[in-house]
Amino acid sequence: MPKLPTFQAEGSVSQLAGTTTGTQVPLTQTLGTALKPITDLVVKQKVQEKNFENKTEALKLENDFVTDMAKVYDKVNVLENKDQAQSILKEESDALIASYGDKATNSNVKTLFNNSALSEVQKGIFRVNTQISKNILNSLQNEVNKKEERLLANAFLAEGDFDYAVLAVDLEKLYRDNYDGRIPNANLKALIDNIPSTIELFEARKGITDNPKETLINLKDSEKFKAIPLDERFKLIDDAKRTLRQPIIDDFNNFIAAANRGKKIEFDIAFAKEVLDTDTYNAYATKYKIATETVADAAVLNSIPLKDLSITLDSMIKSKYEKYGEVDAQAFETNLKKIT
């Protein structure tokens with residue numbers, strides 16, 4: 001049987017053992033190194049989630065705070081005193097911030113909420129200041145308008161000419177005293193330059209109420225109310241026509257009714273043309289002519305002897321059918337028979 005070969009290791013047993021133990025790593029160090037990235041990620045995610053949680057809670061508090069502050073803004077936005085408005089705004093916003101801040105679950109949420117709430121209040125202060133400035137100017141405008149109306153009324157209603165004589169000076173003083181520094185200089189100048197127009201506009205509007213017929217005639221006269229701008233003049237003319245339309249219709253109906261009884265009353269058909277629309281006027285003009293002729297015929301019928309009445313009436317009726325259409329002629333016939 002052949003003999004197996006043998007090999008002899010080189011080096012000592014201690015050298016081999018040293019070589020083997022030098023390549024090992026402790027188990028705890030290996031796990032820690034392997035798990036560190038995972039641990040860092042978990043910690044980072046937890047921090048982020050807590051941050052989002054805090055922001056969400058703070059935003060909810062802010063939204064509820066803004067809802068309650070809207071009621072405060074509604075309260076102060078109608079005021080006309082900025083100091084009073086700011087005092088109310090500060091007192092109530094501070095109370096609300098403290099109240100909602102106490103609801104925060106931690107200091108980070110409270111800090112986030114406080115910062116956002118204070119920012120909203122700052123914006124609210126600016127909005128309130130702007131609104132109250134408008135309120136003050138609107139209130140001033142109302143008071144100026146009241147005094148302007150009083151000065152104009154006194155000028156046209158007071159006995160004597162003194163109030164009217166100083167009206168332009170009084171109006172300029174009113175505008176300068178109250179608007180200088182409050183509105184742009186160009187706007188103030190426009191108000192002062194417009195004083196003659198303001199006076200004539202008041203006079204025309206008052207005239208439409210007191211004497212619309214004369215006022216309409218004057219408004220259509222280029223030599224009257226020269227300071228009133230053309231567009232305003234047209235508006236006033238329309239207002240005067242609307243005021244006069246129904247009275248003219250009533251007067252015309254009375255005129256026709258009287259004419260049908262053979263009675264003559266006055267009706268200004270020429271002025272009616274200034275007020276009525278074209279179609280209505282044309283219809284009225286035809287009826288006016290017929291009514292005027294009826295009154296004249298009635299005068300004839302009332303003046304002739306009774307024995308000639310029937311013949312004269314028949315002759316008149318015949319002439320109407322020859323002169324007018326069937327409808328108008330029938331109206332003539334009915335009226336003349338009633339008169340007879």
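Predicted model: local features only at pLDDT ≥ 70, side-chain atom pairs only at ≥ 80, totals over all residues.
Visitor: Let me start with Val121: is Val121 buried or exposed?

Guide: Val121 sits in helix H4. Its relative accessible area is 8%. Buried means under 20% relative accessible area, so with 8% Val121 counts as buried.

Visitor: Which residues does Val121 touch, not counting residues up to four places away in sequence?

Guide: One relation to look at on the way is with Met69, 52 residues apart from Val121 along the chain, where the C-alpha atoms are separated by 8.5 Å. For touching, heavy atoms have to lie within 4.5 Å. By that rule the residues touched by Val121 are Phe65, Tyr73, Ser93 and Ile97.

Visitor: What percentage of the contacts with a separation of 6 or more comes from residues 24 or more positions apart?

Guide: The protein chain has 340 residues, of which 30% count as buried. Taking the contacts in the chain with a separation of 6 or more, the share from residues 24 or more positions apart is 64%.

Visitor: At roughly what angle do the axes of helix H4 and helix H8 cross?

Guide: Two packed helices are described by the angle and the distance between their axes. Here H4 covers residues 107-157 and H8 covers residues 195-210, and their axes come within 11 Å. The crossing is right-handed. The angle is roughly 65°.

Visitor: How do the residues of the contact of H4 with H8 divide into nonpolar, polar and charged?

Guide: On the H4 side the contact is made by Glu148, Glu149, Leu152, Ala153, Phe156 and Leu157. H8 brings Thr198, Ile199, Phe202, Glu203 and Lys206. Sorted by class, they come to 6 nonpolar, 1 polar and 4 charged.

Visitor: Which helix supplies the largest share of the lining of the largest pocket?

Guide: This pocket holds about 200 Å³ of space. Its lining includes Phe156, Glu203 and Lys206, and by class the lining has 2 nonpolar, 4 polar and 6 charged residues. H8 and helix H9 (212-219) each supply at least two of the lining residues. The largest share, 5 residues, comes from H8.

Visitor: Which elements give two or more residues to the lining of the second largest pocket?

Guide: The second largest pocket has a volume of about 160 Å³. Among its lining residues are Phe252, Ile290 and Ala331. By class, the lining has 5 nonpolar, 4 polar and 2 charged residues. The elements giving two or more residues are helix H10 (230-260), helix H12 (278-303) and helix H14 (326-339).

Visitor: What is the relative accessible area of Lys320?

Guide: Lys320 is placed in helix H13 (residues 309-323). Leaving aside neighbours within four places in sequence, Lys320 is in contact with Glu293, Asp297, Ala329, Phe332 and Leu336. Lys320 is buried, and its relative accessible area is 4%.

Visitor: And one more: with which residues is Asn54 in contact, leaving aside its neighbours within four places in sequence?

Guide: Asn54 is found in helix H2 (residues 27-76). Asn54 is buried, with a relative accessible area of 5%. Setting aside the neighbours within four places, its contacts are Asn106, Asn108, Val109 and Leu112.

Note on methods
Residues numbered from 1 in each chain as written. Heavy atoms only, no water. Axes fitted to C-alpha atoms, helices over the stretch in contact; angles between N-to-C directions. Helix = DSSP H or I, 4+ residues; strand = E, 2+ residues; numbered from the N terminus. Left-handed = near helix turned anticlockwise from the far one by under 90°. Nonpolar A, V, L, I, M, F, W, Y, C, P; charged D, E, K, R; others polar. 1 Å grid on protein atoms, 1.4 Å probe; cavity = no way out; pocket = protein on both sides within 12 Å on 5 of 7 lines; lining within 4 Å. Points joined across faces, edges and corners; volume = space filled by probe spheres on them. Buried < 20%, exposed > 50% of the residue type's maximum accessible area, 1.4 Å probe, protein only.
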